[in-house]
Amino acid sequence: MNIWPLTAEPPLSVGGVSFTEIAERFGTPAYVIDEEHVRHRCREYRKALHPHRVAYAGKAFLCRAMVRWVEEEGLWLDVCSEGELALARAVGFPPERILLHGNGKTPAYLAAALDYGVARIVVDSAGEVARLAALTGDRHHPQKVLVRVTPAVDPHVHQAMATGVEDQKFGLSLASGAAADAVRRVLGQPSLTLAGLHCHIGSQIGVPDGYETAARRLVAFMAELGGLPELNLGGGHAVAYRPGDRGLDVQTFAERVPRAVAEECAIRGIPEPDLTVEPGRAIVAAAGVTLYRVLAVKHGVRTFVVVDGGMSDNPRPALYGSRYTVARVGHPTGARDVPVTVVGRHCEAGDVIASDVPMPGDIRPGDLLVVPCTGAYHHSMASNYNLVARPPVIAVLGGRAWPLVRRETVEDLLRRDVC
Ligand code: LLP
């Protein structure tokens, strides 16, 4: 399987199609996604975590094809907006495998979820319980819900990704009693069934320790409630973006975390709940690469290599200080590597793709660059900053390449401006 960027030499192709061919056929910048890799990761997760449930977090990357792959591989789907739900529905993803999130669910979103009959709704605020009850009052079958709990666990990741700590917007605090209050409210509604508890302590977490702590705290809370059927431990499993980075090994997670749950249940004397995990990044990140063309090379205090994309297709360095590696495709010149900073074409100094990456000294405009590990939170977080059109998503498999999402055009951009 493709484990780049951990190999020394970057490959020249993905899914049996050369980067050069993809760039020539579909233009640059372009996101490329390896279907086989995605499916492989889905299977790896299901196998490692069997008999527990794996729900793919669609926020990492979603399009019709991805919904189908997830469906065919037997995972559940976690959606967090009406758009994601509509996409799942457009493809006919089975509602009995949909889990619905959102810390601010609009009335339209909740109505669409109930209309489609999603399997679980994760409650994120006390007021949501009454709103949900009002919408489900006349139903024959109660809606199953989970209460999202904040377990006060610091996952030691970037602050914008630390969601298990008290001082952030998600979930209901265990310590303050907000979680217990929400649970009471759910139990008081005949049209709702409390299926279990949920927590998501953060993202890009490299070790299972925080999950164990969170799981034990949630089990202790479950014991106070006399036990519950389900425990959802969220996603957040780290991947390696660059050589030497540390990803979370799913085997290690699967050995340690369910064991912690089982131990704590035994201590508290309650039956073990069914477990769910919600990986997004770990399923798709390494399956994707981004291709760029070099537009300019500028030598100064440092060497800047300007590409035809940037923070509109990859906001992660600017948002989280994320680090990437970049390689030039082909042209083996023997030129000595020099450190360069690869930057985008946006009007902002923070528009950096990667700093101090080694690049052949004869790098020049027109060269093709590839950035690995861009399958998660790239397409899904792309913007139109500076009225730049978003790149296409190209799938590759067995020597074939085809578009999943077409390139945005300037006409697309102007169409919404209706004045
Ligand atoms: N479940 C819930 C409730 C979540 O909020 C998230 C991510 C996931 C699962 C999936 O997390 P993953 O396994 O992909 O780490 N945009 C950021 C990360 C923020 C993710 C927010 N929630 C990034 O580019 O890294």
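**A tour of the annotated site and the ligand shell**

With 16 C-beta neighbours inside 10 Å, Tyr-320 counts as partly exposed, because a residue falls in that class when its count lies between the limits of 12 or fewer for exposed and 20 or more for buried. The model on display is a predicted one.

Keep Tyr-320 selected and display its surroundings. Tyr-320 belongs to helix α11. Apart from residues up to four places away in sequence, Tyr-320 touches His-158, Ala-160 and Met-161.

Next, select Arg-316, which also lies in helix α11, a helix covering residues 316–320. Arg-316 is partly exposed, and 19 other C-beta atoms are found within 10 Å. Once neighbours within four places in sequence are set aside, the contacts of Arg-316 are Ser-322 and Tyr-377.

Now select the complete annotated set. According to the unreviewed UniProt entry, the "binding site" annotation covers Arg-281, Arg-316, Tyr-320, Glu-348 and Tyr-377. These positions span 97 residues of sequence and are spread in space as well, with up to 27.0 Å between C-alpha atoms.

Finally, centre the view on the ligand. Which residues come nearest to the ligand? Of the 22 residues around it, these are Ala-57, Ser-203, Gly-235, Gly-280 and Tyr-377.

Colour the shell by residue class to see 8 nonpolar, 9 polar and 5 charged residues. Then colour by domain: domain 1 (13–31 + 285–415) and domain 2 (35–284) each supply at least three residues to the shell around the ligand.

Methods. Residues are numbered from 1 along each chain as its sequence is written. This is a predicted model: local features need pLDDT of at least 70, side-chain atom pairs count only at pLDDT 80 or more; totals for chains, interfaces and linings use all residues. UniProt positions are given in the numbering used here, feature names are shortened, and annotations may be inferred rather than shown by experiment. Helices (H or I, at least four residues) and strands (E, at least two) are DSSP runs, numbered from the N terminus. Two residues are in contact if their C-beta atoms, placed from the backbone, lie within 7 Å. A residue is near a molecule or strand if its C-beta atom, placed from the backbone, lies within 6 Å of it. Ala, Val, Leu, Ile, Met, Phe, Trp, Tyr, Cys and Pro count as nonpolar, Asp, Glu, Lys and Arg as charged, and the others, Gly among them, as polar. Domain bounds come from an automatic or database domain assignment.
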